Amino acid sequence: MTSGAVTLTLASPPALGEPAVETASLPSEHVTLTINGRLYAIDLDPRTTLLDALREYFTLTGSKKGCDQGQCGACTILVNGQRIKSCLALAVMHDGDEITTIEGLAEEGELHPMQAAFVHHDAFQCGYCTPGQICSAVALVAEHRAGWPSHATADVATAPALTDAEIAERMSGNICRCAAYPNIVAAIREVAEEGRP
Amino acid sequence: MTPFRYERASDIAGACEAAARPMARFIAGGTNLVDLMKLQIETPAQLVDITRLPLDGIEETGEGGLRIGALVTNSAAAVDLRIRRRYPLLAQAILAGASTQLRNKATTGGNLLQRTRCPYFYDTTKPCNKRVPGSGCAALAGINRMNAVLGVSDNCIAAHPSDMAVAMAALDAQVETISLDGARRTIPIDSLYRRPGNTPSIETVLGPGELITSVLLPPPPAGRQVYRKVRDRASFAFALVSVAAIVDLDNDRVRAARVAFGGLSYKPWRSAEAEAALAGAAATRASFDAAGIAALRNARGYGHNDFKIPLAHRTLRATLAQAAGLA
């Protein structure tokens, strides 16, 4: 996975608009992250969220800041294979973790099957929520294959078929204000049915 | 966010010691605490990261129950086949809460200790006795449709938002903790939360630096388990009312039943009154109605949330009918 491991060290990241006097006595924390197969090391104010670390310090701006309070899902990324909301995660707590963002899904210029399905099904309008939707959808397919039940599952002891109702429930952490939901569901259904990763 | 010192705990004793310092807080999933820190509702001077502690396992107890580590994520608990088969109520309740992204981060201990979602607790321009003791309660005469109707006081009508805790209350779960001095104790989940009374800012019986290490589930009780949640939209919303019910039938009579409500109180509200009304009663709509009347006799609405009382009654009736196999 590590394609030309790059170690990027930024000794003093730019302040996020906080008064310097308050932070002067607080040590920054050294954080090492593997992001899309590359190793990054940085000293961070411990208040920095994973989302802000990605966007402001690693210039990976594909993950979007929508609500910044864990409700919209635009910041969804994969941490050690699991989808989370990066706006509610402190970067320092993820020291050593493996992170995949929307920028890391394509391989050698080929779109990830979920990205291709979103294009094919026109599963967006403005596109702002799309990186989070796609990261979420990639994890959804893996969770379903692992037998995870959901709130839409009649008997939680069983591994349910991935119906449209199951997809809708499992995607409820991602809001699309343009309401591209029917096409998002269609894209996910196609990838799940074709058995691609 | 106000500045804080970050400390990664490497052992339980060190975690308790660090978190016992003034203005220090444990952090695990962070899905609630980080949000509240951004809004400066929570302003810890120190965060004690407990996520590397070995508390993330689910193990069998000798008595036929399960011990769920405090750091087991909500997703990991809801996916565990032992929980899905023996405690489907708990899996259903967890899956009814939040979204997958949040359940992947949120932990068992943190879920129990999450703060209320009362809009006035979140609005720092309004009085809130829970946020600023002595400042008053803006919810009393405010938009209080999400607030509590049982067990609260005129100082605070905040509702506990957890689904998971409601199922655990019905399952007689116990919370296992360890304190600064190494002492361990086992707290029935019903005794974990303190009545708001005159001190709504003090929410649990936990002492400074006391850490939840696990939740103990006794062997599953006989009967069918059902969790039913009523909310404003189909997914990813807090409960207006929820009901956890376990009904054990002897032909067409109720041998024993357990009832707990969510969305109605400062804690998951186990109803001994409903359970007493159901024990030995015929499994009929009339009995379920009688249980609802008994459960909600002392309920009090505050205007916008008056609807919760009849809604709780109907939700209980429907859930009991489903658990009794009549619906």
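What pattern does chain A follow when read along the sequence? In the predicted model described here, the order of elements in chain A, read along the sequence, is α-β-β-α-β-β-β-α-α-α-α, and chain A has six helices and five strands. Of the 197 residues in chain A, buried residues make up 45%. When the contacts in chain A between residues at least 6 apart in sequence are considered, 63% of them join residues at least 24 apart.

Chain A is divided into two parts, domain 1, covering residues 20-104, and domain 2, covering residues 113-193, and the C-alpha centres of these domains of chain A lie 24 Å apart. The domains also touch, in that 14 residues of domain 1 of chain A are in contact with eleven residues of domain 2 of chain A. On the side of domain 1 of chain A that touches domain 2 of chain A, β3 (76-79) and β4 of chain A each supply at least two residues, and β3(A) gives the most, with three residues. By class, this side of domain 1 of chain A has six nonpolar, six polar and two charged residues.

Chain A also touches chain B, with 31 residues of chain A in contact with 27 residues of chain B. On the side of chain A that touches chain B, at least two residues each are supplied by α1 (20-23), β4 (82-85), α4 (130-145) and α5 (164-170) of chain A, and the largest share, four residues, comes from β4(A). The residues of the side of chain A that touches chain B divide into twelve nonpolar, eleven polar and eight charged.

In chain B, helix α13 comprises the 16 residues 308-323, and at 1.5 Å a residue these should span 22 Å, which agrees with the 21 Å that separates its end C-alpha atoms. The buried residues of α13(B) are Lys308(B), Ala312(B), Thr315(B), Leu316(B), Thr319(B), Leu320(B) and Ala323(B). Because they cover an arc of only 130° around the axis, these residues are on the same side of α13(B). The buried residues of α13(B) pack against the strands β9 (224-230), β10 (241-250) and β11 (253-262) of chain B, and against the helices α11 (272-278) and α12 (285-295) of chain B. Just after α13(B), Gly325(B) takes a positive phi of about 75°.

Key. Residues numbered from 1 in each chain as written. Chains lettered and ligands numbered in written order. Predicted model: local features only at pLDDT ≥ 70, side-chain atom pairs only at ≥ 80, totals over all residues. Contact = placed C-beta atoms within 7 Å. Nonpolar A, V, L, I, M, F, W, Y, C, P; charged D, E, K, R; others polar. Buried ≥ 20, exposed ≤ 12 C-beta atoms within 10 Å, placed from the backbone. Domains from an automatic or database assignment. Expected span 1.5 Å × (residues − 1). Arc of directions from axis to C-beta.
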